[in-house]
Amino acid sequence: MNEIKLSQCFITVDDADKALGFYRDALGLEVRNDVGYEGMRWVTLGSPAQPDVAVVLETPLPDPNASEADRRAVTDLLAKGLLRGVIFSTDDVDATFERVRAAGGEVLQEPVDQHYGVRDCAFRDPAGNMIRFARPKA
């Protein structure tokens, strides 16, 4: 059977520079690429521990053929915090929580042991996306 692995995931942000302050500076991801085209921007980041996986920050609905109404709808959903973010794994949820909080991350959930087998915490990025950090409980 062919092997299937995650390569990229996309997170919609309304301000790439503010998002960089969170993903690069607070989380410690490295910037791998920063591309602009016709008013759109894609910033690719990744963990040094996973060189083959990329997180791509993108402007709302980065499709030059998208209607203005569709673009507004995505921007409205982003402003309400209704677009999904990502879940990162970490070997120490509590230390990650303290580092991100100290860097100014907006806390949604302090570290807690969940009934479904993980210890996790959650933040909002500057665009309103929920970002979680989890580790399976021992």
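Mentor: This is a predicted model. Let us begin with helix α1. Its buried residues are Ala16, Ala19, Leu20, Phe22, Tyr23 and Ala26.

Trainee: What makes Asp15 a cap of α1?
Mentor: Look at the N-terminal end of the helix. A side-chain oxygen of Asp15 lies 3.0 Å from the backbone nitrogen of Asp17. The cut-off for a polar contact is an N or O pair within 3.5 Å. The value of 3.0 Å passes, so the pair counts as a polar contact.

Trainee: What follows α1?
Mentor: Gly28 does, with a positive phi near 85 degrees.

Trainee: Where does α1 lie?
Mentor: Helix α1 lies across β1, β2, β3 and β4. It runs at about 5 degrees to β3.

Trainee: In what order do those strands form a sheet?
Mentor: The order is β1-β4-β3-β2, in an open sheet with mixed pairing.

Trainee: What makes β1 and β2 edge strands?
Mentor: Each pairs on one side only. Strand β1 covers residues 8–12, and β2 covers 30–37. Neighbouring strands of this sheet are turned by 20 degrees against each other on average, direction ignored.

Trainee: How do you know that β1 and β4 pair?
Mentor: Count the bridges. Pairing needs at least two. β1 and β4 have 5, in the parallel sense. The count passes the cut-off, so they are paired. Within the pair, Phe10 stands opposite Val56.

Trainee: Why is β4 called largely enclosed?
Mentor: 5 of its 5 residues are buried, so the rest of the structure largely encloses the strand. Check both faces. Ala54, Val56 and Glu58 are buried on one side, and Val55 and Leu57 on the other.

Trainee: Now the other sheet. What is its strand order?
Mentor: It is β5-β8-β7-β6, again with 4 strands, open, and with mixed pairing. The edge strands are β5 (87–89) and β6, since each pairs on one side only. The twist averages 20 degrees from one strand to the next.

Trainee: How do you know that β5 and β8 pair?
Mentor: They share 3 bridges in the parallel sense. At least two are needed, so the pair qualifies. Phe88 stands opposite Phe133 there.

Trainee: In which sense do β6 and β7 pair?
Mentor: Antiparallel, over 5 bridges. Val112 stands opposite Asp120 in this pair. The hairpin of β6 and β7 has 4 residues between the strands, and Gly117 takes a positive phi near 100 degrees in it.

Trainee: Why is Arg132 called buried?
Mentor: Set its value against the cut-off. Buried means under 20% relative accessible area. Arg132 has 14%, so it counts as buried.

Trainee: Where is Arg132, and what does its side chain contact?
Mentor: Arg132 is in strand β8. Its side chain makes a polar contact with the side chain of Asp120, at 2.8 Å.

Trainee: Which residues of helix α3 are buried?
Mentor: Val93, Thr96, Phe97 and Val100, in a helix that spans residues 93–102.

Trainee: How do you know that they are on the same side of α3?
Mentor: They cover an arc of only 100 degrees around the axis, and that puts them on the same side. An α-helix has 3.6 residues a turn, so residues three or four places apart point the same way.

Trainee: What do the buried residues of α3 pack against?
Mentor: Helix α1 (16–26), β6 (106–113), β7 (118–124) and β8 (130–136).

Trainee: What makes Asp92 the cap of α3?
Mentor: A side-chain oxygen of Asp92 lies 3.2 Å from the backbone nitrogen of Asp94, at the N-terminal end of α3. Just after α3, Gly104 takes a positive phi of about 100 degrees.

Terms used:
Residues are numbered from 1 along each chain as its sequence is written. This is a predicted model: local features need pLDDT of at least 70, side-chain atom pairs count only at pLDDT 80 or more; totals for chains, interfaces and linings use all residues. Side-chain values use heavy atoms; hydrogens and water are left out. Buried means under 20% relative accessible area, exposed over 50%, partly exposed in between (1.4 Å probe, protein chains only). The arc is that of the directions from the helix axis to the C-beta atoms. Contact means heavy atoms within 4.5 Å. A polar contact is a pair of N or O atoms within 3.5 Å; within protein, one must be able to donate a hydrogen and the other to accept it, and residues adjacent in sequence count only if both atoms are side-chain atoms. Axes are lines fitted to C-alpha atoms, for helices over the stretch in contact, and angles run from 0 to 180 degrees between N-to-C directions.
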